[in-house]
Amino acid sequence: GFETLWFGDQDVMADEEGPHHPYSDDGEIPASAQTDWLDPLIALSFAAAATNRIELATGVLVLPERNPVITAKQAASLDRMTGGRLTLGVG
């Protein structure tokens, strides 16, 4: 019943943010510092091996923290191996 599977990119997570987290209604950080933040391209590759229909997407891959040439090769490889199912969102 799902159309798209999205994975976000988060390398560092703070235990506490300032007095109010701007992206939540209650001001709290929506995930704990102990959350398992998987690498999006690896996690999507794992998911792609288990399905042949669901669209795959990154939202948002933090490109300045990555080697852009290697990231492009990894994304192109995943896209090719899945028949064009990858949508790459970078920021």
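Trainee: At what angle do helix α1 and helix α2 pack, and how far apart are their axes?

Mentor: First, this is a predicted model, where local features need pLDDT of at least 70, side-chain atom pairs count only at pLDDT 80 or more, and totals for chains, interfaces and linings use all residues. Residues are numbered from 1 along each chain as its sequence is written, and side-chain values use heavy atoms, with hydrogens and water left out. Helices (H or I, at least four residues) and strands (E, at least two) are DSSP runs, numbered from the N terminus; axes are lines fitted to C-alpha atoms, for helices over the stretch in contact, and angles run from 0 to 180 degrees between N-to-C directions. Helix α1 covers residues 40-50 and helix α2 residues 68-81, and they pack at about 10° with their axes 11 Å apart.

Trainee: Are α1 and α2 roughly parallel or roughly antiparallel to each other?

Mentor: Angles under 35 degrees count as roughly parallel, over 145 as roughly antiparallel, 65 to 115 as roughly perpendicular and the rest as oblique. The angle here is about 10°. Therefore α1 and α2 are roughly parallel.

Trainee: Which residues of α2 meet α1?

Mentor: Contact means heavy atoms within 4.5 Å. On the α1 side you'll find L41, L44, S45 and A48, and they meet T71, Q74, A75 and L78 in α2.

Trainee: Now the sheet: which strands stand at the edges?

Mentor: There are 3 strands in an open sheet, ordered β1-β2-β3, with parallel pairing (two strands pair if DSSP finds at least two bridges between them). Each edge strand has a single partner, so one side of it is left without a neighbour in the sheet; these strands are β1 (4-7) and β3 (86-90).

Trainee: Over how many bridges do β2 and β3 pair?

Mentor: Strand β2 spans residues 55-61. In total, β2 and β3 pair in the parallel sense over 4 bridges.

Trainee: Which residues does the cis peptide bond join, and what is omega?

Mentor: Most peptide bonds are trans. One to look for here is cis, and V60, one of its residues, lies in strand β2. That bond joins G59 and V60, with omega about -5°.
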